[in-house]
Amino acid sequence: MNSSKIIGMGFYVPDNVITNEDLSQKIDTSDEWIQTRSGIKERRWASEEITTFDLAHKASLNAISNAGIDPQDIDMIIVGTLSSDYFFPGVSAQLQESLNLNTIGAFDIKAACSAFIYSLSIADQFIKTGMAKNILVVGAEAQTKLIDKSTKGRDIAVLFGDGAGAAIIQKTNDKSFILSTHLHCEGKNIKNLWMEAPGTSPGSWFENNNFVPERFTPAMNGREVFKNAVKRFPEVINEALVYNKLSIKDIKLIIPHQANFRISQAVANRMNVDMNIVYSNIHKYGNTTAASIPIALTEAIEEGRIIKGDHIILAAFGAGYTWASAAIKW
Ligand code: ACO
């Protein structure tokens, strides 16, 4: 059977740095509140003219250059995002056009923070079945354009940032690269982390004929999200370990979705592992949703924290709820 390998990674974040101090000038919050509850010191917010597509495009060019392939060899594009430039079509169509990739298949995956692993898993299946040879997989968000940046929206506003990460997944004879992927969803929790509008659900835009602007910004039940995240992350990491007959001691690095440093600490505690093997860059970028894992993976590689032969695990949890993991032998 065919197998798939990540042959190149790249990321891009907008230049506009927003520190906790910057936020506390505009809304009722503080560096101390944000750092103790999330570990975030600063994040990037895309300025008005920069879109999710722009970030995805730049990250893709970086991944293509890192992989050293001819872009014309790419035969599919999958983009994980919840902040596409348009309600439809997806960012993948814009990318396909901008990269001059003729008529190859391109589609978006809306699985929030788990979208990069969902997309990687789909790419892996297309390669295993022999239907594709080189797939561009992207996680990209300019989601801070959607958030309420006033004190009313502070629980969300301080956590999120923008950015994009991309990977080139290639067919290989090396049987041991992407070892397995594991995807889950529990739709009963939709309303604990969601953005209700614009949607087609009756009454989602208006109440008693009055337009409800709050429904056009993300809403989160922070405590519930926290409780479920610290349960599902270890579960799905263990699922990958058991499936591949690995022990946590075999794992060089866990790259969790950068949701919140406190969530990562709680996961490490529950799994009885040292924080040294749980990668974190949330202090620089905040929570970039679908972009967080490919950005973190690219930086971990650049920092020399992953070398050939290392076992790593990617793990995510987010809106839906969705959660997912991927076991990789680098
Ligand atoms: N600055 C100052 N005060 C704030 C802020 C802020 N940015 N946001 C909320 N508050 C206030 C609230 O209004 C509330 O005030 P009140 O008590 O007067 O009503 C108070 O802080 C709540 O404080 P805590 O109870 O200490 O808040 P908590 O410890 O629950 O922390 C947080 C909130 C950080 C959202 C926490 O619930 C959490 O980490 N949840 C996980 C959510 C998360 O990380 N989501 C990431 C996105 S989802 C994902 O990627 C998986």
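**View A. The salt bridge between Lys252 and Asp310.** The side chains of Lys252 and Asp310 form a salt bridge, with an N to O distance of 2.8 Å. The view, like those that follow, is drawn from a predicted model. The two residues belong to distant parts of the chain, 58 residues apart: Lys252 is in strand 13, and Asp310 is in the loop between helix 10 (292-302) and strand 14. Lys252 is partly exposed, at 35% relative accessibility, whereas Asp310 is buried, at 12%. This pair belongs to a structure that holds eleven salt bridges.

View B. Four strands make up an open sheet in the order 8-15-14-13, and their pairing is mixed. Strand 8 (178-185) and strand 13 (251-256) are the edge strands, each pairing on one side only. From one strand to the next, the twist averages 10°. Strand 14 (residues 311-318) and strand 15 (residues 322-329) are antiparallel and pair over eight bridges. Gly318 has Thr322, in strand 15, as its bridge partner. Helix 5 (residues 115-128) lies across strand 8, strand 14 and strand 15. The direction of helix 5 is at about 130° to strand 8.

View C. Strand 6 (residues 134-141) and strand 7 (residues 163-172) run antiparallel and are joined by eight bridges. Val138 has Ala166, in strand 7, as its bridge partner.

View E. Lys284 forms a salt bridge with Glu299, and the closest N and O atoms are 3.0 Å apart. Lys284 lies in helix 9 and Glu299 in helix 10, so the pair ties together parts 15 residues apart in sequence. Lys284 is partly exposed, with a relative accessible area of 27%, while Glu299 is buried, at 6% relative accessibility. The side chain of Glu299 also makes a polar contact with the side chain of Asn281, at 3.1 Å. Asn281 is placed in the loop between helix 8 (261-271) and helix 9 (282-285). At 2% relative accessibility, Asn281 is buried. Leaving aside residues up to four places away in sequence, Asn281 touches Gln258, Ile295, Ala296 and Glu299.

View F. The side chains of Glu186 and Lys188 meet in a salt bridge with an N to O distance of 3.8 Å. Lys188 is exposed, with a relative accessible area of 71%.

View G. A search of the whole structure finds zero disulfides. The closest cysteine sulfur to that of Cys113 is in Cys185, 13 Å away, which is too far for a bond, because a disulfide requires sulfur atoms within 2.5 Å. For Cys185, likewise in no disulfide, the nearest cysteine sulfur is that of Cys113. Cys113 is buried, at 8% relative accessibility.

**View H. The surroundings of Pro198.** Pro198 lies in the loop between strand 9 (193-194) and strand 10 (206-207). Pro198 is partly exposed, with a relative accessible area of 32%. Residues up to four places away in sequence not counted, Pro198 touches Phe87, Trp205 and Phe216. Val138 is 60 residues from Pro198 along the chain, and the C-alpha atoms of the two are separated by 24 Å.

How values were computed
Residues are numbered from 1 along each chain as its sequence is written. This is a predicted model: local features need pLDDT of at least 70, side-chain atom pairs count only at pLDDT 80 or more; totals for chains, interfaces and linings use all residues. Side-chain values use heavy atoms; hydrogens and water are left out. Two strands pair if DSSP finds at least two bridges between them. Axes are lines fitted to C-alpha atoms, for helices over the stretch in contact, and angles run from 0 to 180 degrees between N-to-C directions. Contact means heavy atoms within 4.5 Å. Buried means under 20% relative accessible area, exposed over 50%, partly exposed in between (1.4 Å probe, protein chains only). A polar contact is a pair of N or O atoms within 3.5 Å; within protein, one must be able to donate a hydrogen and the other to accept it, and residues adjacent in sequence count only if both atoms are side-chain atoms. A salt bridge is a side-chain nitrogen of Lys or Arg within 4 Å of a carboxyl oxygen of Asp or Glu.
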